[in-house]
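Please open the structure in the viewer and keep the selection panel at hand.

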Amino acid sequence: MQLDELYKRVIMDHYKSPRNKGTFEDDAVSVELNNPTCGDRISLQLKLKDGVVEQARFLGEGCSISMASASMMTEAVKGKTVDEALRLAEDFSSMMTGEEPDFEYEDILALSGVTKFPARIKCATLAWNALKKGILEHAKHG
Amino acid sequence: MIAPEIREHFPILQQTINGKPLVYLDSAASAQRPVQVIEAIKRYYEHDHANVHRGVHTLGARATAAYENAREKVARFLGAASAEEIIFTRGTTSALNLVAASYARSVCGPDDEIVITPMEHHSNLIPWQQAAKATGAALKTIPLQPDGTISLADAEKVINARTKVVAITHVSNVLGVINPVEELAKIAHRNGAVLVVDGAQSTPHMKIDVRKMDCDFFAFSGHKMCGPTGIGALYGKKSLLERMEPVEFGGEMIDFVTLEDATWKDVPYRFEGGTPNIAGAVGLAAAIDFLESVGLDEIERHDREITAYALERVQQIPGIRIYGPTAHRASLITFNLDDIHPHDVATVLDTEGVAIRAGHHCCQPLMKWLGASATARASFYLYNQPDDVDRWIAALIQTKEFFGHAIG
């Protein structure tokens with residue numbers, strides 16, 4: 001097991017310089033999610049308009065994998081319809097079970113190495129679960 | 001220090017992890033088992049198993065004898081007055097829940113108080129939160145000093161005539177603080193309260209004497225002291241246990257049953273509804289035999305020396321932050337390294353074959369007090385040697401270099 005397989009350069013770049021970190025000043029769909037087994041937490045905000053995720057921002061506390069994954073997710077969903085965003089979340093889950101889906105935002109592929117570190121999969125999926133929760137709750141409550 | 005040959009009793013330690021010999025530094029979460037414990041359980045299942053306290057046949061008698069001998073052994077091990085004061089439980093959590101659900105709920109009312117500390121494990125916090133909510137009692141805390149210890153002066157202020165229960169951990173699983181339980185027992189008793197001690201982290205590492213401590217209840221787990229998982233015990237003073245109602249009902253715990261009503265067996269059986277973990281009790285007895293054959297005083301000295309060595313070495317790493325007091329501490333070191341998240345530290349260490357804990361250690365309020373969302377923890381036991389500490393230190397330096405390079 002090689003550390004470089006997990007901590008790829010692109011992951012460390014997102015960890016060091018997270019994209020879309022922060023909050024929106026005006027209204028946005030907000031969701032908080034934590035991982036009770038380890039204490040990682042993410043606070044995600046989505047700008048949804050006409051069924052499109054215009055922008056996403058996050059704040060969080062967690063390891064390099066969870067924060068890099070959140071950074072990548074907010075980049076990947078930008079401009080996607082909610083259905084496309086949900087599909088991205090599904091594709092990410094399937095990558096965590098060892099499948100090899102394609103991602104238009106290729107940085108995400110760097111996280112495929114997490115599958116070799118089963119204890120860390122929950123770190124990688126936290127932000128994506130927050131995305132799903134945010135979209136589904138918004139759909140339910142309008 | 002205990003000779004390194006002790007490792008030969010632990011089959012699990014004879015393996016490589018990720019191509020490196022295993023260094024197990026997570027005994028505070030769960031210790032490993034010597035072959036003596038594994039063999040005792042195997043022997044029990046191969047020769048003596050049947051249900052307890054009901055069979056007329058030979059195996060039933062043997063199983064009952066094995067189970068009750070284990071109870072006697074636990075009573076002696078803890079310094080209890082008699083085996084009737086020992087209730088077998090699934091572990092510390094269920095032991096503390098029993099006291100909270102039965103004793104606390106029967107003695108507490110809206111004008112009463114339950115006293116805890118911010119350093120409690122969730123298992124010695126949430127049962128009291130729930131008991132307080134159910135009875136209307138107030139939950140009070142003895143504040144922590146800057147180094148994470150408590151002061152007896154504060155304890156005197158917080159514990160008063162309204163206090164019915166004081167519940168505290170003997171040894172903190174995060175800070176390594178060893179609490180002054182004997183003095184707390186005196187303060188509690190002077191105010192008419194009982195003292196409940198969470199002994200999960202102390203029992204594996206030091207000689208326990210519940211009568212000298214004069215606590216009213218004491219809980220511990222087998223798996224942290226080389227015994228099986230799923231078995232532990234609650235010690236309670238007999239006079240208190242006799243006043244308590246059972247919280248689980250069923251077979252084994254009844255005296256006389258009609259369709260309308262039932263009466264209970266004497267203590268401790270009224271608290272052990274259902275078929276108990278007989279093999280677990282047998283394994284726990286074997287673990288006690290093992291620890292006593294090494295010597296609890298010897299184990300305490302070994303753990304103190306290995307921890308002192310580890311502290312001395314780890315403090316030399318630039319960017320290391322150690323949580324908890326520097327003196328009079330138990331055999332665990334909770335730390336953070338630079339700004340590297342403890343999960344990342346634990347993952348890098350694992351690739352070097354070094355197993356440590358990372359996370360909130362079931363102590364979320366304490367993590368908040370420390371101002372850390374998570375921490376890493378290395379804990380030591382009788383099978384750890386200075387070379388384990390050296391491997392840990394080398395892996396930490398490697399982690400620092402790796403992350404310094406990756407994000408520097």
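**Helix α6 of chain B**

Begin with α6(B): on the face turned away from its buried side, select the exposed residues B:E183 and B:R190. A residue counts as buried if 20 or more other C-beta atoms lie within 10 Å of its own, as exposed if 12 or fewer do, and as partly exposed in between, with C-beta atoms placed from the backbone. Helices (H or I, at least four residues) and strands (E, at least two) are DSSP runs, numbered from the N terminus. The model is a predicted one, in which local features need pLDDT of at least 70 and side-chain atom pairs count only at pLDDT 80 or more, while totals for chains, interfaces and linings use all residues. Residues are numbered from 1 along each chain as its sequence is written, and chains are lettered from A and ligands numbered from 1 in the order in which they are written.

Next, select the buried residues of this helix, which spans residues 181–190: B:V181, B:L184, B:A185, B:I187 and B:A188. They lie on the same side of α6(B), because they cover an arc of only 165° around the axis; the arc is that of the directions from the helix axis to the C-beta atoms. Among the elements covering the buried residues of α6(B) are α5 (152–158), β7 (163–169), β8 (194–198) and α7 (210–213) of chain B. Just after α6(B), B:G192 has a positive phi of about 80°.

**Helix α4 of chain B**

Move to α4 of chain B, residues 126–135, and select its buried residues B:P127, B:W128, B:A131 and B:A132. Viewed down the axis of α4(B), the buried residues fall within an arc of 135°, so they line one face of the helix. Their cover includes α3 (92–107), β5 (113–116), β6 (138–141) and β7 of chain B. B:G136 follows α4(B) and has a positive phi, near 85°.

**The nonpolar cores**

A nonpolar core is a set of buried Ala, Val, Leu, Ile, Met, Phe, Trp, Tyr and Cys residues joined through C-beta atoms within 7 Å. In the largest one, of 127 residues, select B:I114, B:V166, B:L195, B:F217 and B:V282, which touch the most other members. Helix α9 (residues 278–294) of chain B supplies the largest share of this core, 11 residues. Centre the view on B:V282: leaving aside its neighbours within four places in sequence, B:V282 is in contact with B:A40, B:I41, B:Y44, B:A66 and B:A70. Contact requires the C-beta atoms of two residues, placed from the backbone, to lie within 7 Å. A second, separate core has 40 residues, including A:V53, A:M95, A:A124 and A:L131.

**Where the chains meet**

Which residues form the boundary between the chains? Here 15 residues of chain B are in contact with 17 residues of chain A. On the side of chain B that touches chain A, α11 (342–351) and α13 (386–407) of chain B each supply at least two residues. The largest share of that side, five residues, comes from α11(B).

**Chain A as a whole**

Finally, select chain A, which has five helices and four strands. Along the sequence, these follow the pattern α-α-β-β-β-α-β-α-α. The C-alpha atoms of chain A fill a box of roughly 45 × 30 × 25 Å, taken along the principal axes. Of the 142 residues of chain A, 39% count as buried.
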